[in-house]
Amino acid sequence: MTERELKENLEDVERRITAAAEKSGRSRGDITLVAVTKTHGTELMNAAIRLGVTDIGENRPQAIRDKFGGVLPVKWHMIGQLQTNKIKYIIDKVCLIHSVDSVHLMEEIDKQAKKHGITANILIEVNISGEETKSGVAPSELEELLVRAGGLDSVKVKGLMTVAPKIDGDITNTLHFDNMHKLFIDIGNKKYDNVSMEYLSMGMSGDFETAIECGSNMVRVGTAIFGAREYPV
Ligand SMILES: *Cc1c(COP(=O)(O)O)cnc(C)c1O
């Protein structure tokens, strides 16, 4: 991909985020764009950062560890499945872990954060569609995680994340996104220690405008910015 193509893609995504935000009574500044750079090299990542990207997302802890030193200052987001033995690769590098889906993982993140003298900001991943292949907790399991977060002093729950099903033809993810937004609002109205509903991370290349219109304030966009990935991950 040339710098020029990258610039055009970014401008197009920016325009579409702005339009969707305005459609839902908000503005561009209310939405965080996480540019998903998985499988891409540090050169392309740095080009994107020079063009104004402030947040990048990776789905493998080893990739964050390996790329970190070669990338300009930027906020890193861990968006993929995280095994407890890999937390150490990323704990002091990322601003937000999007993909926490068990009490055990949350407790291990708390331990590692304590070791580094930091607080880890996390999102709870919800399997809103109920698809068996998807990670994330069922909505009915959310409350237990939120209650357990109250007992941890080096973890803060900052919101929710979901990966919606691949869209196919006329079927959209509006229903799933609406259901996520309802959960986000409901939890925000309740009081849990160490829990604040600041970020609703949903929407990818195929559906980020729909997600924003349904209330998302954080979208994770890869393909629409960087083109198709050569190696599926
Ligand atoms: C790869 C990935 C994305 C970005 O997907 P695109 O369709 O390329 O925009 C978003 N979220 C997660 C969790 C991912 O793994």
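Colleague: Where does the ligand sit in this predicted model?

Modeller: A pocket here is an open set of points on a 1 Å grid over the protein atoms alone, with protein on both sides within 12 Å along at least five of seven lines. A molecule sits in one if more than half of its atoms lie within 2 Å of its grid points. By that rule, the ligand sits in the largest pocket.

Colleague: How many nonpolar, polar and charged residues does the shell around the ligand have?

Modeller: Val-36, Ile-79 and Met-204 are among the residues around the ligand, where near means a heavy atom within 4 Å. Val and Met count as nonpolar, Lys and Arg as charged, Gly as polar. The shell has five nonpolar, three polar and three charged residues.

Colleague: Which residue has a polar side-chain atom 2.5 Å from an oxygen atom of the ligand?

Modeller: A polar contact is a pair of N or O atoms within 3.5 Å. The side chain of Lys-38 has an N or O atom 2.7 Å from a ligand oxygen. For Gly-222, a polar backbone atom is 2.8 Å from a ligand oxygen. The 2.5 Å distance belongs to Ser-205.

Colleague: How much of the ligand's accessible area does the protein cover?

Modeller: Areas come from the Shrake-Rupley method with a 1.4 Å probe. On its own, the ligand has 390 Å² of accessible area. The protein covers 88%.

Colleague: What do the numbering and the cut-offs rest on?

Modeller: Residues are numbered from 1 along each chain as its sequence is written, and side-chain values use heavy atoms, without hydrogens and water. Local features need pLDDT of at least 70, side-chain atom pairs count only at pLDDT 80 or more, and totals for chains, interfaces and linings use all residues.

Key. Polar contact = N/O pair within 3.5 Å; in protein donor to acceptor, adjacent residues only side chain to side chain. 1 Å grid on protein atoms, 1.4 Å probe; cavity = no way out; pocket = protein on both sides within 12 Å on 5 of 7 lines; lining within 4 Å.
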